[in-house]
Amino acid sequence: MSEGQSSEAAVEEQLRTFMQTLTESETYQEFVDASEALEEDSEASALLQDFQQKQRQMQQGGFDQSLMSELQDLKSEMDENDTIQRHREAQEALVELLQETNDVISEQIGRQFAQATGGGCC
């Protein structure tokens, strides 16, 4: 095995260790649990689907005051839904952990490791 292959194998092993550590972390586990709870909560899931559908309608059809009002009402309902809030908080905590990880890697290699892509469920 050449030195390059040996280095790659070491990196892959460290990556597997990192992934195991991440998936065993409390932050990740809370995200998984919150995601499962969201999938099992038909009311919360329906609320999210309605909100996302109205958002798409708004993006495709331009500004519509009644649609905007519906979106605001749905947003208020989502803000009051414990399952959605738990998922949102768990997702934000996981994103923060991953951003911190990215910062450490970027600092170690002297380059920006990953670019923010945004996203989110809600």
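1. The chain has five helices and zero strands, with helices counted as DSSP runs (H or I, at least four residues) and strands likewise (E, at least two), numbered from the N terminus. Reading along the sequence, you get α-α-α-α-α. The radius of gyration comes out at 20 Å, well over the 14 Å that the globule rule gives for 122 residues, so the chain is more spread out than a compact globule. That radius is taken over C-alpha atoms, and the rule is 2.2 Å times the number of residues to the power 0.38.

2. Before going further: this is a predicted model, where local features need pLDDT of at least 70, side-chain atom pairs count only at pLDDT 80 or more, and totals for chains, interfaces and linings use all residues. Residues are numbered from 1 along each chain as its sequence is written, and side-chain values use heavy atoms, with hydrogens and water left out.

3. On overall dimensions, the C-alpha atoms fill a box of roughly 65 × 30 × 25 Å along the principal axes. Of the 122 residues, 23% count as buried, meaning under 20% relative accessible area (1.4 Å probe, protein chains only).

4. The axes of α2 (residues 26-40) and α5 (residues 82-109) come within 8 Å and cross at roughly 150 degrees; axes are lines fitted to C-alpha atoms over the stretch in contact, and angles run from 0 to 180 degrees between N-to-C directions. That makes α2 roughly antiparallel to α5 (the label goes to angles over 145 degrees). The crossing is left-handed, that is, the near helix is turned anticlockwise from the far one by less than a right angle.

5. Who touches whom here? On the α2 side, the contact residues include Tyr28, Phe31, Ala34 and Leu38, and on the α5 side they include Ile84, His87, Leu94 and Leu97. Contact means heavy atoms within 4.5 Å. By class, this contact has 10 nonpolar, five polar and three charged residues; Ala, Val, Leu, Ile, Met, Phe, Trp, Tyr, Cys and Pro count as nonpolar, Asp, Glu, Lys and Arg as charged, and the others, Gly among them, as polar.

6. Then there is α3 (residues 42-61) with α4 (residues 65-80): their axes come within 10 Å and cross at roughly 150 degrees. α3 and α4 are therefore roughly antiparallel to each other, and their crossing is left-handed. Among the residues that meet are Leu47, Phe51 and Met58 in α3, and Leu67, Leu71 and Met78 in α4. The residues of this contact divide into nine nonpolar, two polar and five charged.

Terms used. Parallel < 35°, antiparallel > 145°, perpendicular 65-115°, else oblique. Buried < 20%, exposed > 50% of the residue type's maximum accessible area, 1.4 Å probe, protein only.
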